[in-house]
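Subject: Structure handover

Hello,

Here is the structure I promised to pass on. Please open it alongside this message.

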Amino acid sequence: MSPRESKKARTARAAQIYEILLAEYPDAECALRHASPYELAVATILSAQCTDARVNMVTPELFRRYPDPESLADALPQELEEVIRSTGFFRNKTRNLIGMANFLVDEHGGELPRNMKELSALPGIGRKTANVILGNAFGIDEGVVVDTHVKRLSGRMRFTAQTTPDRIEKDLMAIFPRRVWTMLAHLLIYHGRQVCLARKPRCNQCAISHLCPSSAV
């Protein structure tokens, strides 16, 4: 974050960047395929250290076998492990999935809670995952999802000088209005995957290069 840029100026620049990215990616949305809050929770747990594309290959069979929290709570660990093995860390994810499902059945009537405190208390669900669920399943802008793309772009655009997800999220929440928090993450992720690449950003193809302090153009 540049010390010469006031918060007012940074907020105004952020608003410009948001509108440009929204025009660039009007269809930006959660890449994890799901048809219910339960399915999104399961897919998000599986996405840890795994690509969304791989998760989307695994979930159709997973949801066929375990269509709801009740059936997942009763899953045999070794059978669930085989279904999700290709997502990596499958033993830990199996424990989290079955644990989450049991928690939902026992404590929440089989329904995902709609608040950060109760969601983040579920096995396998931290603040980032809870933000994904709240924003995309329930339309609740509780915070900003900070993944590797959001972290990288936030730093390059000088929205933050922080390096931990929680602190990055707080800085983003301070300069973007609540109503855009969920979409903001989608836009930064899309831009990070297509233009602002980790190793070699395509600044000459970037629609916001004139607003980015890190631009090579």
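Predicted model: local features only at pLDDT ≥ 70, side-chain atom pairs only at ≥ 80, totals over all residues.

**The largest pocket**

The largest pocket has a volume of about 740 Å³. Its lining is made up of 30 residues. Those nearest the centre are S47, C50, D52, K128 and D147. Helix 2 (37-46), helix 6 (90-107), helix 8, helix 9 (148-156) and helix 11 each give two or more residues to this lining. Helix 11 gives the most, with five residues. By type, the lining of the largest pocket has 12 nonpolar, 12 polar and six charged residues.

**The cavity**

There is one cavity of 30 Å³ or more. The largest cavity holds about 40 Å³ of space. The residues that line it are N131, V132, N136, G143, V145, W181, T182, A185 and H186. Helix 8 (127-137) and helix 11 (181-194) each supply at least two of the lining residues. Here too, helix 11 gives the most, with four residues. The lining of the largest cavity has four nonpolar residues, five polar ones and no charged ones.

N131 sits in helix 8. Its relative accessible area is 4%, so N131 is buried; the cut-off is under 20%. Beyond its neighbours within four places in sequence, N131 is in contact with M116, E142, G143, V144, V145 and E169.

T182 sits in helix 11. T182 has 15% relative accessibility and therefore also counts as buried. Residues up to four places away in sequence aside, T182 touches G135, N136, I140, D141 and G143. T182 and D27 are 155 residues apart along the chain, yet their C-alpha atoms are separated by 13 Å.

**Helix 9 against helix 11**

Two packed helices are described by the angle between their axes and the distance between the axes. For helix 9 and helix 11, the axes come within 8 Å and cross at roughly 85°. The two helices are therefore roughly perpendicular. On the helix 9 side, the contact is made by H149, V150, R152, L153 and S154. On the helix 11 side, A185, L188, I189, H191, G192 and R193 take part. The residues of this contact divide into five nonpolar, four polar and two charged. Note A185: this residue of the contact also lines the largest cavity.

How much of helix 2 is buried? Nine of its 10 residues are, so helix 2 is mostly covered. The buried residues are Y38, E39, L40, A41, V42, A43, T44, I45 and L46. They pack against helix 3 (52-65), helix 4 (69-73), helix 5 (77-84), helix 6 and helix 8.

In helix 8, the buried residues are T129, A130, N131, V132, I133, L134 and G135. Their cover includes helix 2, helix 7 (116-119), helix 10 (165-175) and helix 11. Two of these buried residues, N131 and V132, also line the largest cavity.

**Backbone and exposed positions**

Where is phi positive without a glycine? Q49 is one such place, with a phi of about 55°. Q49 is found in the loop between helix 2 and helix 3. At 69% relative accessibility, Q49 counts as exposed.

F89 is another residue other than glycine with a positive phi, near 50°. F89 lies in the loop between helix 5 and helix 6. Its relative accessible area is 56%, so F89 is exposed; the cut-off is over 50%.

Lastly, M57 in helix 3. M57 is exposed, with a relative accessible area of 56%. The C-alpha atoms of M57 and S86 are separated by 9.5 Å, and the two residues are 29 apart along the chain.

Best wishes

Note on methods:
Residues numbered from 1 in each chain as written. Heavy atoms only, no water. 1 Å grid on protein atoms, 1.4 Å probe; cavity = no way out; pocket = protein on both sides within 12 Å on 5 of 7 lines; lining within 4 Å. Points joined across faces, edges and corners; volume = space filled by probe spheres on them. Nonpolar A, V, L, I, M, F, W, Y, C, P; charged D, E, K, R; others polar. Buried < 20%, exposed > 50% of the residue type's maximum accessible area, 1.4 Å probe, protein only. Contact = heavy atoms within 4.5 Å. Axes fitted to C-alpha atoms, helices over the stretch in contact; angles between N-to-C directions. Parallel < 35°, antiparallel > 145°, perpendicular 65-115°, else oblique.
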